Amino acid sequence: MTDLTGLQLTGFLGAAYPWVKAAHVTFVIFWMAGLLLVPRFYVYHHATTPGSAEDRAWIEREDRARTIILTPAMLIVWVLGLILAFHLDAWSQGWFIAKLVLVVALTGYQGWIAAYGKSLAGGKRALEDRTLRIMNEIPGIAAAVIVVLVIVRPF
Ligand code: HEM
């Protein structure tokens, strides 16, 4: 196995380490896809009349995207990420702590997605379209910072 350091190989994962990391990054892609997709659905859903056929169709689409993509991907990213953290004993590394803070914030953002989806399904249109579009940018910015932290490790 090329250019894997002693630490990466000697942890409890051994030769499984690169496979676990590959699976982690794969589910990160699925999670990010869901975090970018569902708030965009909310922007389009906002334009529909509560109770209309189109409103019900968006409620159905959003619910499926949350239960089939968002929640499973988030849970798998967390489980594989924590396994990697224990394997590498990353707890004392600044880049990892900063990453963890951002990932906890992204998990909170997913909580907002679930709550806002419920209020939309209840016929409310609480936020301005412009605010919703700004909210939509948050996961992309967070993902860019997280990837820099984990690959560049600035501290
Ligand atoms: C949910 C909690 C998460 C935890 C506990 C976690 C933890 C980790 C750990 C310990 C590694 C291994 C680093 C290494 O092998 O040197 C890793 C790799 C990686 N993580 Fe996460 N991660 C999480 C979420 C995320 C998220 C949300 C993203 C992106 C948005 C992400 C992107 C990456 C990338 C790109 C790598 C590969 C880095 C490399 O090959 O050097 N992770 N993660």
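Modeller: Welcome! Let's start with helix α2 (residues 17–46) and helix α3 (residues 53–88), whose axes come within 8 Å and cross at roughly 155 degrees. This is a predicted model: local features need pLDDT of at least 70, side-chain atom pairs count only at pLDDT 80 or more, and totals for chains, interfaces and linings use all residues. Residues are numbered from 1 along each chain as its sequence is written, and side-chain values use heavy atoms, leaving out hydrogens and water.

Biologist: Why is α2 called roughly antiparallel to α3?

Modeller: The axes of α2 and α3 cross at roughly 155 degrees, and an angle over 145 counts as roughly antiparallel, so α2 is roughly antiparallel to α3. The angle is taken between N-to-C directions on a scale from 0 to 180 degrees, with axes fitted to C-alpha atoms over the stretch in contact. α2 also passes α3 in a left-handed crossing, meaning the near helix is turned anticlockwise from the far one by less than a right angle.

Biologist: What kinds of residues make the contact of α2 with α3?

Modeller: The contact of α2 with α3 has 25 nonpolar, five polar and five charged residues. Asp, Glu, Lys and Arg count as charged, Ala, Val, Leu, Ile, Met, Phe, Trp, Tyr, Cys and Pro as nonpolar, and the others, Gly among them, as polar.

Biologist: How do you know how α3 and α4 run relative to each other?

Modeller: Their angle is about 160 degrees, with the axes 11 Å apart; α3 and α4 are therefore roughly antiparallel to each other. The crossing of α3 and α4 is left-handed.

Biologist: And what makes α4 roughly antiparallel to α5?

Modeller: The axes of α4 and α5 cross at roughly 155 degrees and come within 10 Å, which means that α4 is roughly antiparallel to α5. This crossing is left-handed.

Biologist: How many helices and strands does the chain have?

Modeller: Five helices and zero strands, where a helix is a DSSP run (H or I) of at least four residues and a strand (E) one of at least two.

Biologist: Why is the pair Asp-55 and Arg-125 called a salt bridge?

Modeller: The closest N and O atoms of Asp-55 and Arg-125 are 3.2 Å apart, and a salt bridge asks for a side-chain nitrogen of Lys or Arg within 4 Å of a carboxyl oxygen of Asp or Glu, so the pair qualifies. Asp-55 lies in helix α3 and Arg-125 in the loop between α4 (94–121) and α5 (129–152), so the pair ties together parts that are 70 residues apart in sequence. The whole structure has three salt bridges.

Key:
Angles under 35 degrees count as roughly parallel, over 145 as roughly antiparallel, 65 to 115 as roughly perpendicular and the rest as oblique.
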